[in-house]
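Try each one before you read the solution.

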Amino acid sequence: MIALPAETSAAGFIPSISGLSVCWLFTYVTSMLTLEASWLAKQTQTDKEESDDNNGGGFLSISKMALGIPGEVITAALFWFLLTAIVVAYTAEGGQLIAQIAKEFTDKTTITPTVGSLLFASSFASFAIAGTLRVDIINRIFVLGLVGAFIGIVGNVSPSIQVTNLLSHSDWTAVYPAGISIGILSFGAQNVVPTILEYLDYDPKKTQKAILFGSLVPLFLYSIWEAVFLGIIDVSAVDSNSMDVVNVLGQVGGTAVTDLVELFSICAIGSSMAGASVSLVDFFVDAIEVLAKDKPKSTTGNMLASNNSVEVGTRTIAAIFALAPPVLISKAFPDVFLTALEEAGLLGGVSLYGLLPALCLLSLRSVDNKSEPKAMPGRLGGGETTLFALLTISSALVLPEMIHVGRVLMDKLQ
């Protein structure tokens with residue numbers, strides 16, 4: 001959310017809201033397809049042991065069931081890329097914030113962004129090692145601060161919004177790739193759809209309502225956020241390709257708004273980092289446990305007594321694998337925040353949430369038609385036409401960015 005104004009200001013208000021609406025539609029459609037894939041996967045799980053191994057129809061198990069081992073490996077790789085890119089972005093920006101706060105308190109540079117990134121990542125590593133419950137408590141605190149700062153900013157600066165600022169600038173060519181990428185990433189919640197379906201006792205109609213209202217609320221809030229920024233700031237006076245556009249709002253609104261923007265930035269990055277870091281650590285914990293299954297088990301009687309310490313040790317190792325590379329990358333590229341989010345949204349988000357659900361459904365519906373006919377109540381219409389259309393649109397979004405990244409890498413290697 002904090003990166004939205006920086007990535008969309010070059011486009012202007014009307015193109016930005018239109019782009020966000022497209023991203024919302026992409027999120028809603030792909031969430032509905034993910035829901036159907038999860039529902040079909042659950043219906044076809046007749047072996048209780050297999051059902052337990054698949055963890056109730058999560059993304060990895062759906063991919064494995066529909067696309068086999070290659071599908072599971074590709075899904076795991078995309079999850080790793082998406083989460084790592086997000087963590088890299090927030091580690092870099094978190095380090096910048098810590099360095100800035102330290103400078104404000106001491107009137108001199110006492111902490112470099114690199115040290116700030118290390119402190120930032122280490123803090124969230126300790127939360128992740130402690131477990132999901134601890135992270136949930138920390139995340140609630142950040143969310144409360146985020147909501148309070150959001151209300152304070154909107155309340156303070158709304159009277160200063162100028163309609164001319166909203167309508168005077170429109171550049172539709174600036175919507176893609178940056179605006180679409182950050183929009184898809186901002187809405188992206190498809191990975192929790194299987195969990196919501198399970199929580200609602202595998203009732204697809206209740207889950208459909210949760211998806212609809214759960215995606216419309218962010219669209220409403222993001223629209224307000226865009227109106228506040230782009231209605232106050234003269235886009236031509238700031239660098240629209242940097243986070244300076246966020247700082248300008250504080251300068252326009254005065255000291256109180258400056259403090260609220262800083263609080264909002266801290267809480268937004270902290271909340272996002274809390275979820276992404278624990279997900280990435282859990283990803284590596286799962287990988288370590290899968291590898292450990294191939295090792296012979298100890299027969300010592302102390303094994304049960306040491307389960308807790310073994311779990312802490314496993315999570316510590318996982319946290320090192322998960323968060324050490326982002327710290328190193330943020331040291332090498334301290335201004336990587338927006339770039340990392342752009343690549344995460346297009347290469348990771350569209351591939352994982354656009355291409356894979358459509359491919360899985362093509363396979364699951366094919367298997368389903370060969371057995372007893374089943375159809376999820378309220379599923380999206382259009383049949384295979386909808387799925388192929390989504391595959392075409394997703395490919396059209398991803399392929400140009402893949403070519404661009406490939407060219408950049410080739411230039412750097414030469």
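**Exercise 1.** How many cavities of 30 Å³ or more are there, and what lines the largest?

*Solution.* Start with the count: there are 3 cavities of 30 Å³ or more. A cavity here is a set of points on a 1 Å grid, over the protein atoms alone, where a 1.4 Å probe fits but cannot get out. The largest cavity holds about 50 Å³ of space, a volume being the space filled by probe spheres set on the points.

Next, pick out the lining (residues with an atom within 4 Å of a point): Thr34, Ala37, Phe59, Ile62, Ser63, Leu356, Pro357 and Cys360. At least two of the lining residues come from each of α2 (13-43), α4 (59-106) and α14 (337-370). Sort them and you get 6 nonpolar, 2 polar and no charged.

One note on the source: this is a predicted model, where local features need pLDDT of at least 70, side-chain atom pairs count only at pLDDT 80 or more, and totals for chains, interfaces and linings use all residues. Residues are numbered from 1 along each chain as its sequence is written, and side-chain values use heavy atoms, with hydrogens and water left out.

**Exercise 2.** At what angle do α6 and α10 pack, and which residues meet?

*Solution.* First the geometry: α6 (residues 132-157) and α10 (residues 204-232) pack at about 45 degrees, with axes 11 Å apart.

Now the contact (heavy atoms within 4.5 Å): Phe150, Ile153, Val154 and Val157 of α6 meet Leu221, Ile224, Trp225, Val228 and Ile232 of α10. Those contact residues split into 9 nonpolar, no polar and no charged.

Terms used. Axes fitted to C-alpha atoms, helices over the stretch in contact; angles between N-to-C directions. Helix = DSSP H or I, 4+ residues; strand = E, 2+ residues; numbered from the N terminus. Nonpolar A, V, L, I, M, F, W, Y, C, P; charged D, E, K, R; others polar. 1 Å grid on protein atoms, 1.4 Å probe; cavity = no way out; pocket = protein on both sides within 12 Å on 5 of 7 lines; lining within 4 Å.
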